[in-house]
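Please work through the following exercises with the sequence and the model at hand. Each task is followed by a solution in steps.

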Amino acid sequence: MDYESLLNQCAYNLKPSGIRKFFDIAAEMDDVISLSVGEPDFKTPWHVREVGIETLQKGRTQYSPNRGFTELLVEISRYSERRFGLKYDPKTEVLVTVGGSEAIDLCFRALLNPGDEVLIPEPCFVCYEPLASIAGGVPVPVVTKVEDEFRLTADQLRAAITERTKILVLPFPNNPTGAVMRREHLEAIADVLRGTDIMVLSDEIYCELTYGDERHVSFAEIPGMRERTIVVNGFSKSYAMTGWRLGYAMGPAPVLAIMTKLHQYAVMCSPSTAQFAAIDALRNGDEDVARMRNEYDMRRRFIVDGFREMGFECFMPEGAFYIFPSIRHTGLSSGEFCERLLRSKHVAVVPGSAFGDSGEGFIRVSYSYSVKHITEALHRIKEFVSEEL
């Protein structure tokens with residue numbers, strides 16, 4: 001059979017994730033030190049795991065309501081109000097999803113009609129462009145610059161808007177750059193959007209991993225922006241719950257109603273065990289989050305200093321757990337640098353080009369690993385720089 005002619009052409013034409021190539025090579029090698037995966041090295045807090053275990057022991061393994069258990073929806077709403085002063089009705093404005101990625105997918109599917117444009121600041125996480133395309137949208141990259149600390153500026157946004165613009169993605173704190181948007185930067189973006197019908201997908205999965213004296217500010221906090229903003233968040237990064245696959249969306253009831261309808265037909269509901277555990281995480285996990293954030297903050301400064309000492313220009317990230325050093329001085333492309341480093345010294349990092357064309361000339365390095373792990377990786381990278389370049 002001619003399967004190519006039978007397959008969905010949009011899905012067929014999607015490029016594979018640029019990250020996977022290096023995972024596949026590393027999987028076939030011994031003694032690989034990886035700084036490539038965006039996954040906390042912490043275990044899910046024990047009290048959260050205990051709740052999951054207890055619910056399994058008691059046989060609480062039934063389906064949940066489509067939106068999620070009422071108890072969890074209420075706790076998400078309380079968390080949002082407690083942390084950001086944002087009130088969401090748990091009955092109509094909150095949806096529990098299978099990870100934050102499903103929430104992003106549902107947002108695009110609920111809002112986009114064929115040909116609608118989606119403005120996506122780059123470099124950025126790999127899922128936005130393909131998910132927008134699958135939903136019939138037209139991804140429009142907006143290149144952020146290191147001299148602007150990889151923030152989206154009001155002038156860039158204004159220049160990118162057309163009559164077809166439907167959604168602006170705000171992926172901050174950012175993967176892969178570690179950039180954040182402080183209140184004054186978000187207010188400038190809001191000034192551009194006022195008077196338009198452009199919706200905002202604010203991906204705030206790393207919101208609790210914001211460093212310095214200023215807390216994370218949700219775009220929905222900015223006056224007049226709540227009504228146009230879908231906030232995406234989850235439990236993977238803040239609570240070290242990646243494998244539990246639980247996220248959520250908050251936003252205006254009419255949009256959440258359509259997202260819920262799509263969620264109902266696609267996956268029906270999120271895993272019950274993970275939902276029970278997440279309730280405990282929200283109620284009792286603040287100290288765990290603070291402890292992990294403080295550890296990441298120490299690692300952040302340690303790894304940036306390590307790269308700078310080797311002669312790399314390295315932006316100091318203010319959020320998430322990645323650094324994005326420039327490798328342009330080596331004369332290698334991002335892909336060449338990563339492949340040679342992996343084969344020569346068995347250290348895995350990710351080429352910046354995996355996060356959009358604008359990421360060429362950079363690499364993404366995760367510090368979601370122990371200091372011992374990072375120290376060994378830095379030692380090998382230093383050897384690579386002195387011996388191979």
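The model is predicted, so local features need pLDDT of at least 70 and side-chain atom pairs count only at pLDDT 80 or more, while totals for chains, interfaces and linings use all residues. Residues are numbered from 1 along each chain as its sequence is written, and side-chain values use heavy atoms, with hydrogens and water left out.

**Exercise 1.** Determine how helix α12 packs on helix α14.

Solution. Helices (H or I, at least four residues) and strands (E, at least two) are DSSP runs, numbered from the N terminus. Step 1: α12 covers residues 286–309 and α14 residues 371–388; the angle is about 10° and the axes lie 11 Å apart. Axes are lines fitted to C-alpha atoms, for helices over the stretch in contact, and angles run from 0 to 180 degrees between N-to-C directions. Step 2: α12 is therefore roughly parallel to α14 (under 35 degrees; over 145 is roughly antiparallel, 65 to 115 roughly perpendicular, the rest oblique). Step 3: contact (heavy atoms within 4.5 Å) joins residues including Met298, Phe302 and Ile303 of α12 to residues including Ile374, Leu378 and Ile381 of α14.

**Exercise 2.** Determine how helix α13 packs on α14.

Solution. Step 1: α13 (residues 334–345) meets α14 at about 105°, with the axes 10 Å apart. Step 2: α13 is therefore roughly perpendicular to α14. Step 3: the contact involves Phe337, Arg340, Leu341, Ser344 and Lys345 of α13, and on α14 residues including Arg380, Glu383 and Phe384.

**Exercise 3.** Identify which residues of α10 are buried and how they are arranged.

Solution. Step 1: Val255, Leu256, Met259, Thr260 and His263 are buried in α10 (under 20% relative accessible area; exposed is over 50%, partly exposed in between; 1.4 Å probe, protein chains only). Step 2: seen down the axis of α10, these buried residues fall within an arc of 135°, so they line one face of the helix; the arc is that of the directions from the helix axis to the C-beta atoms. Step 3: Pro254 and Tyr265, on the other side of α10, are exposed. Step 4: the cover over the buried residues of α10 includes β2 (94–97) and α6 (99–111).

**Exercise 4.** Describe the surroundings of Val94.

Solution. Step 1: Val94 lies in strand β2. Step 2: Val94 counts as buried because its relative accessibility is 0%. Step 3: not counting residues up to four places away in sequence, Val94 touches residues including Arg67, Tyr88, Met250 and Leu256.
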